[in-house]
Amino acid sequence: MNDILTIDIDGFKADLPILPLPNGIKIAFFNLHGDAELTEHCGKKLAKYVSDCDVLITAESKGLQLTHVISREIGHRYYAVARKSKKLYMQDGIEVDYGSSITTGKPQIFYLSKHDADLLKGKKVGIIDDVISTGESLKGLEAVVKKAGGIIHKKAFVLAEGAAADRKDIAYLQKIPLL
């Protein structure tokens, strides 16, 4: 049986399984996939912070449903999605190499379709994701926004892990420890 970290995310109790990563660090694993109630709760809370953004961007995959809720709440029809693999419709888009996240442990590339890049150009952009830890995925998203000609306006997360909770340039609903 796995150990569990129980947290309160601005009024919503969540039980996070504690899982080991290949590098020996343990994390409290947060997963929005399949939990509509938790996703709705977190999306509505974060929407208040990013309501003045012109457009939102997230990385696939765990930020997708969260950004969908936030987008709906603030009245946006579209949001941009940075993909981790190049899809057929993305041949005329942009790509950015970035460092490895804590969960992947290897360098990655974000791909953005021309449609999504055009959504960002000249706009105040809100970057959305589920968890910030080392900040490498955020650096990748920031580079994508800049390359597309967008203006980074806000950065919002459900959870800030470890030292990320000390950052002054982000908003988050709850902090969790690295274990």
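1. The side chains of D169 and R167 meet in a salt bridge, 2.8 Å from N to O. Here a salt bridge is a side-chain nitrogen of Lys or Arg within 4 Å of a carboxyl oxygen of Asp or Glu. D169 is partly exposed at 32% relative accessible area, and R167 is partly exposed at 28%. (Buried means under 20% relative accessible area, exposed over 50%, partly exposed in between, with a 1.4 Å probe and protein chains only.)

2. This is a predicted model: local features need pLDDT of at least 70, side-chain atom pairs count only at pLDDT 80 or more, and totals for chains, interfaces and linings use all residues. Residues are numbered from 1 along each chain as its sequence is written, and side-chain values use heavy atoms, without hydrogens and water.

3. The salt bridge count comes to 12. One of them links R83 to E60, with the closest N and O atoms 3.4 Å apart. R83 lies in the loop between strand 5 and strand 6, and E60 in the loop between strand 4 and helix 2, so the pair ties together parts 23 residues apart in sequence. E60 is buried at 15%. (Helices, H or I of at least four residues, and strands, E of at least two, are DSSP runs numbered from the N terminus.)

4. 5 strands form an open, parallel sheet in the order 5-4-8-9-10. Strands 5 and 10 each have a single partner strand, so one side of each is left without a neighbour in the sheet. (Two strands pair if DSSP finds at least two bridges between them.)
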